[in-house]
Amino acid sequence: MSETLLKVRNLKKSYGSHQVLNGVSFDLPAGKIVGLLGPNGCGKTSMIKSIVGLINDYEGNILINGKAPGVESKAIVAYLPEKNYLAPWMTPKHAISYMADFYKNFDKEKALKMAQTFDLDLKQKIKTMSKGQQEKLQLILVMCRQADLYILDEPLGGVDLVSREFILDTIMKNHSENSTILLSTHLIYDIERVLDRVLMVKGGDLVVNTDVEKITATGKSVEDLFREVFSYVG
Amino acid sequence: MLAKLLKHEFIATGRLMGVLYAVVAIIMAYIIGSYYIGRDASEAVSTSQMLGMMVLIVISSCNFFLTTVVMVTNFQKSLYGDQGYLSFTLPVKSVSLLASKVIVSTIWYIAAFACLMGTMAIMYFVIKEDYIGQESYAMIESMLPLLLGGKSLATVITSTVISLISFFIRFAVLSIEVYFAISIANTRLFQKRYILWIIVFSLGIPYIAESISTLISDNVDFGLSVSADSIKIVTDYFQLDAGASFINLTTIIISLVFGAAFFFATHYVMNKKVNIR
């Protein structure tokens with residue numbers, strides 16, 4: 001495995017005449033927890049979608065473990081989107097079998113155990129589950145993979161404080177050793193304590209790419225820096 | 001991975017189609033069973049058999065439309081809707097993703113065709129005398145040798161198999177054309193009113209393809225001459241033997257070319273031109 005797990009060079013993406021990414025470049029090493037921070041609409045999701053292979057018409061280069069987004073990279077990237085991506089007729093049992101069929105690194109036994117722990121009925125249809133239950137299930141499906149790179153797009157959005165703690169706890173306890181987590185959010189306070197590094201995106205540009213240690217060494221918190229960069233009044 | 005994709009594609013589409021064909025199978029088994037087991041030869045078709053027959057006719061009549069609706073809905077939701085976030089991040093080639101959908105939809109179309117044939121066969125063999133009358137049955141039986149034209153069994157079987165293959169290729173190509181139409185309707189230009197454009201393109205693209213196919217096949221005589229005891233390739237209608245029937249190979253070749261072209265065009269559009277909502 002290469003030292004740099006994710007390499008992004010001069011990534012540009014536009015929707016028609018609207019440019020959302022203006023040539024973003026960064027490297028992510030293995031074994032780090034990285035916060036991808038920025039307000040809504042700054043280009044975070046487009047960046048993530050390009051990395052996971054959902055967007056192909058971008059300019060620039062993306063390499064995951066030395067490979068462009070494709071079949072091989074998808075096998076080592078575990079992606080949690082903002083949306084519920086499971087068919088409404090599926091049950092947790094079926095969703096777990098589905099993941100086990102396609103991902104060699106998916107731990108089916110662990111997923112079944114986690115579903116029990118999270119109080120999910122394995123035979124309940126997803127369409128009848130609450131939003132919170134659906135999010136728990138998707139989190140199980142992602143975190144039960146022994147992936148090299150976990151990409152979590154707004155996993156804490158739209159849930160209460162207790163749920164946010166629960167989600168973050170699940171992520172921290174279940175990600176595979178020496179894996180990297182790229183965690184996109186605008187709720188910095190909740191995740192600050194777990195981050196090793198932060199990337200801040202503003203108007204399609206990467207404006208901050210630094211270690212949390214370096215930020216705290218200046219006497220600031222990540223949230224302080226975020227407010228500074230995005231001119232938020234505290 | 002194609003096998004796994006096929007398995008899950010069958011599960012996704014089989015919830016409705018599977019139940020439908022299970023109902024069809026039960027009704028067919030009931031009609032055939034009740035006819036042959038413990039039935040007096042002079043006994044008329046029972047009300048329940050007639051009712052079953054009517055259900056079969058209704059299902060067979062709307063089966064192709066229902067299959068199309070299920071295929072279109074499943075393709076749209078599983079690739080270009082929220083479920084696309086899962087489908088497109090699976091570690092499978094996108095060409096396999098598309099192929100699995102084409103194969104499964106073709107199989108469902110074949111099932112719809114088999115259902116129609118089964119219904120007709122039951123009408124003919126089981127309730128023929130009571131339903132269509134002794135005279136009509138005798139007339140159909142007397143017409144069969146005329147339809148077959150005195151051809152040998154081997155010739156009839158070969159030409160039937162070729163005709164069925166040609167028929168099934170048309171179903172596969174129709175599926176690909178509809179999938180191409182859905183993909184185009186999901187590109188940036190048409191995405192806002194994609195349902196409207198899916199309908200427009202799903203009707204328009206197969207119509208244009210069929211028109212081109214007809215135009216070419218009307219002008220290129222290439223096919224099989226099926227006579228009493230032989231099948232041979234002919235390149236002109238005038239080469240047909242007296243009493244021989246003609247299987248148009250031009251149409252099959254054009255279908256295959258269109259199928260390949262639309263398949264790779266769909267693959268290109270879904271990879272390069274569609275951004276999942």
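Analyst: **Chain B and its contacts**

Between the two chains, the contact takes 19 residues from chain B and 22 residues from chain A; two residues are in contact if their C-beta atoms, placed from the backbone, lie within 7 Å. This is a predicted model: local features need pLDDT of at least 70, side-chain atom pairs count only at pLDDT 80 or more, and totals for chains, interfaces and linings use all residues. Residues are numbered from 1 along each chain as its sequence is written, and chains are lettered from A and ligands numbered from 1 in the order in which they are written.

On the side of chain B that touches chain A, helix H1 (2–36), H3 and H9 of chain B each give two or more residues. Helices (H or I, at least four residues) and strands (E, at least two) are DSSP runs, numbered from the N terminus. H1(B) gives the most, with 4 residues. By class, this side of chain B has 8 nonpolar, 5 polar and 6 charged residues. Ala, Val, Leu, Ile, Met, Phe, Trp, Tyr, Cys and Pro count as nonpolar, Asp, Glu, Lys and Arg as charged, and the others, Gly among them, as polar.

Now the inside of chain B. The domain assignment gives domain 1 (1–148) and domain 2 (149–277) of chain B; such bounds come from an automatic or database domain assignment. Domain 1 of chain B puts 21 residues into the contact, and domain 2 of chain B puts in 22 residues. On the domain 1 side, helix H2 (47–80), helix H3 (84–87), helix H4 (94–125) and helix H6 (134–148) of chain B each supply at least two residues. H4(B) has the largest share of that side, 9 residues. The domain 1 side divides into 14 nonpolar, 6 polar and 1 charged.

Next, a helix pair. The axes of helix H8 (residues 194–219) and helix H9 (residues 249–273) of chain B come within 9 Å and cross at roughly 145°. Axes are lines fitted to C-alpha atoms, for helices over the stretch in contact, and angles run from 0 to 180 degrees between N-to-C directions. The crossing of H8(B) and H9(B) is right-handed. A crossing is right-handed if the near helix is turned clockwise from the far one by less than a right angle, and left-handed if anticlockwise. From H8(B) come B:Ala209, B:Ser213, B:Ile216 and B:Ser217; they meet B:Thr250, B:Thr251, B:Ile254, B:Ser255 and B:Phe258 in H9(B). This contact has 4 nonpolar, 5 polar and no charged residues.
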